[in-house]
Amino acid sequence: MLAVSFIAAAAAAACWFGRPGGAGPVLPSNWALDPATRINDWQEDIDALTTELPRRHKNAFFKCSRGEFEAAAARLRGAVPDLGDHEVVVGLMKLAAMIGDAHTGISAGELTPAFHSFPLRLYVFADGPVIVAARGSQIDLVGCSLVSFGGVPAEEAFRRVTAGAAYENEATFTDLAPRLLCIAELAQTAGLIPTTERATIVVRDAQGHERAAELTPLAAGEKLTATAPAGASLPLARQARPHKNWFQVLPEDRALYFRYDTCADEPGQTVAQLSGEALAAIDSGGVERVVVDLRGNGGGNSGLLARFVDGLRRRPAVNHPGGMLVLIGRSTFSSAHMHAVDMKATLGATLIGEPTGQKPNAYGEVRRFVLPHSRISVRYSTRFWRTEPGDRPSLEPDIAVAATSADYFSLRDPALEAALAQGRGPGA
């Protein structure tokens, strides 16, 4: 057995788990409130969210009306005496999600104490939702399709559980839903399961046989596992490296693969440093194409990649038709989305993969405030970015490529394969 991640590995903790970047550090919350004062404390936190989010957001009521928002807040406030603390937290998430801006909200992954997770990693492939990792004692679930969760068909379960997170398009929904479904508190609050302590799922194996399995939450420190063929080499996008951002020259393809998973400097490596090294590798010869992989990048500081993009523009070895290839997908969000737009416009890059999780025109430039008692961090947008006329739901790829579960388990990366197939000369 070998622990592996899926194609959007670096985005597994994205968006819902704090994807929007550039908002500053997250202070620890403590939403397990004192029983003696919890009702009043939660009601004051609800009041703070109801007042502060509309006041701070660039345009809080572009989707829902103020009346709808305040009515929902009043219902949550009145229900506090009958709700558990985690149910109030999810209620606050739903309230923030009403704004309808994917940069605005409360991230489950930033909560202290942490919510509980069921021992599954799901990914929605072209052929549907499939389990790609599980608890070691339930490794036989890996490779099975999810049929239902808590007796509810998978698609309906996904729709219910995403009520606590804003998503602007189907790409973001497809990215978020499988991960949100595995959070026990969200599944319970969505009415999918009666308790956070267990869940029953129905899966379908490769032979078409269906069976039920019972799940209990992961223990602290417990890891998921998956299977991979012995001695197999994982695709580049699924390989673990010391940094999120890295590159590798592919001599046989006369290409440089540039994995850009976070628009941020990392300990021991800045984006400027990495960019300089990648450009030097191009200058050393033998590189005719650059593949920039943004599929796992949820955003951050959009200015950090400027040196790399400008350097590519100045290098005729790669700045030619077919020389720039950019991989995009459901987890390409915020600043990463802007990089894809920029490289297509300025370098003539070919976009390959899936539609982005970011709308071309969207709210962003994130800031935060914290609720007074629970200290829960709330993200909000301060600017509207317009990159094109109209209101498309996603930036679409020039060459659409969607991976199947068979691709995943046979260790193929169809999007990268499609990129490397572009621009090859006769006989290549």
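Modeller: Two strands pair if DSSP finds at least two bridges between them, and strands (E, at least two residues) and helices (H or I, at least four) are DSSP runs numbered from the N terminus. This is a predicted model, where local features need pLDDT of at least 70, side-chain atom pairs count only at pLDDT 80 or more, and totals for chains, interfaces and linings use all residues. Residues are numbered from 1 along each chain as its sequence is written, and side-chain values use heavy atoms, with hydrogens and water left out.

Colleague: OK, which residue stands opposite Ala255 in β9?

Modeller: That is Arg289; β8 and β9 (residues 289-293) are parallel and share five bridges.

Colleague: And how does β7 run relative to β8, parallel or antiparallel?

Modeller: Antiparallel, with five bridges joining β7 (residues 246-250) to β8, and Phe247 stands opposite Phe258 in β8. Four residues lie between the two strands of this hairpin, where Arg254 takes a positive phi near 50 degrees.

Colleague: Is β8 buried or exposed?

Modeller: Five of the five residues of β8 (residues 255-259) are buried, meaning under 20% relative accessible area with a 1.4 Å probe, protein chains only. Ala255, Tyr257 and Arg259 lie on one side, with Leu256 and Phe258 on the other.

Colleague: Switching topic, how many helices and strands does the chain have?

Modeller: There are 11 helices and 14 strands, and 54% of the 428 residues count as buried.

How values were computed:
Buried means under 20% relative accessible area, exposed over 50%, partly exposed in between (1.4 Å probe, protein chains only).
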